[in-house]
Amino acid sequence: MAKINLSNVHLRRVGGILLKKLCIFLLPILFFMLYTPKTLAAQQTSVSVVIKQVNLILNKETGEFVTLNKDDIVIVHGEENNLLKVTYKSYTGYLSSQYAKKITPKIRLIHPKEGTQVRKSNSEKAETVGNINTNLIINFYGTAAGGWSFVNYGDIYGYVPTSALKTPKPTKMIVSHKDGVTVRNMASFTSEKVGFMPNKTTVFSYSQSKEWSYVESKTFKGYVLSERLKPFLVTGNQKYNKGVSGAPKKRVALTFDDGPHKTVTGQILKILKKYDAKATFFIVGNRVKANSNVLKAIYNDGHEIGNHTWDHSKLTSLSAKNVKSQFTRTNDIVYATIGVYPTVFRPPYGSINNSVQAQINKPIILWSIDTLDWKHRNAKKTLQYVKNNVSDGSIILLHDIHQTTADSLESILQYLTKEGYELVTVTEILL
Ligand code: ZN
């Protein structure tokens, strides 16, 4: 008993000294931890819109000011006593926080080949604050007079011509590196870390270059190393419609392969438009030059563009180098024609293996219903294949190079819409 009591006392004494020492050591850290986040939060830059005409006080002593109008966009550097420190074009000053509302940005893709310059004001003559390269994803906050948009990339804030921006389409991918991947706010190793995605995280990628991809997961968005991502593979006769239970409507993805075709594709576009249906077109690269206007029409009608190799080769018979070239040549000619890359890939004949897959950094989409339209060339049979097999989430294989396929489309769309199906792109069905 005594022994135990002694050691208890001893322990308590040692504990007391330790606690005192720890307090002296820890208190400043605790104080620092409590104090610092506030200071950091105050310095976090954000963007707000002015909700009514208000004065921006440039000098608190002299009262010098400029007047801001409703819908003017300001960069917010911090807040103190309900007063925001903001920058508007080339002015920096103070604004009552009740007159500004924080904007949640949307994302846009920079698409001119030479990228675009960011300016302090919505004018060609305004000072340049930075340059954003082509194919990068930026934050978009709103438009300004004269065809300008207010954007942000990393620590660059300012105006770019609205014509330099496109709405990007998502592609589904998976983090494939065992160590996961760090998320950054710019496509650069020196940029700020905004998060971390572990191996096997499902993401939507909105832009990919050789080195960096812009991705969004449920928790984070930003730039990650492209080599740490793997495409999402859709194979077999399965249904893929994760949103099925929550979706108000049953959905089907029509896919058209082997075009663009100079006469058939146009007829198909017309019928799709009539039924307000969206589809996915898997493009053969070497057909683009002669039918570039057809590809532009597909894209402008809001359909999804897929890559279906350069010359419809069976990829499993090619070397890795040739597989890569089939893929990138097609990506490049599509980009040169419409200013965006294909978002998905389909191998000719559905012929795929691991070494082919290793060369393709896009979701690989097969199909769940083969209408055999290329074989029987019979419009009634094509409709029958759809009727007999369709269900929620089906991906239907068709070819926009056969007249009989165009001839079958109106009856297919009549049937599917009557049955309550919504016609969507393959990426939408994978969402
Ligand atoms: Zn094909």
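This is a short tour of a predicted model, going from a helix pair to the nonpolar cores and then to a group of tyrosines.

Start by selecting helix H7, residues 379-389, together with helix H8, residues 403-418. Their axes lie 8 Å apart and pack at an angle of about 35 degrees. The crossing of H7 and H8 is right-handed. To see the contact, show side chains for Ala379, Thr382, Leu383, Val386 and Lys387 on H7, and for Thr404, Asp407, Ser408, Ser411, Ile412, Tyr415 and Leu416 on H8. By class, these are six nonpolar, four polar and two charged residues.

Next, select Leu254, Phe256, Leu272, Phe281, Val390, Leu413 and Leu416, the residues with the most contacts inside the largest nonpolar core, which has 56 residues. H8 supplies the largest share of this core, six residues. Now centre on Phe281. Leaving out residues up to four places away in sequence, Phe281 touches Phe256, Thr265, Ile268, Leu269, Leu272, Ile298, His303, Glu304, Ile305, Gly306 and Asp400. For a second, separate core, of 22 residues, select Val49, Leu56, Trp148 and Phe150, which are among its members.

Finish with the aromatic rings, where the count is nine pairs. Select Tyr153 and Tyr223: this pair is edge-to-face, 6.0 Å centre to centre with 85 degrees between the planes. Tyr153 sits in strand E12 (residues 148-153) and Tyr223 in strand E20 (residues 221-225), so the pair links distant parts of the chain, 70 residues apart. Both Tyr153 and Tyr223 are buried.

How values were computed
Residues numbered from 1 in each chain as written. Predicted model: local features only at pLDDT ≥ 70, side-chain atom pairs only at ≥ 80, totals over all residues. Heavy atoms only, no water. Axes fitted to C-alpha atoms, helices over the stretch in contact; angles between N-to-C directions. Helix = DSSP H or I, 4+ residues; strand = E, 2+ residues; numbered from the N terminus. Left-handed = near helix turned anticlockwise from the far one by under 90°. Contact = heavy atoms within 4.5 Å. Nonpolar A, V, L, I, M, F, W, Y, C, P; charged D, E, K, R; others polar. Core = buried A, V, L, I, M, F, W, Y, C linked by side-chain atoms within 4.5 Å. Buried < 20%, exposed > 50% of the residue type's maximum accessible area, 1.4 Å probe, protein only. Phe/Tyr/Trp six-rings, centres within 6.5 Å; stacked < 30°, edge-to-face > 60°.
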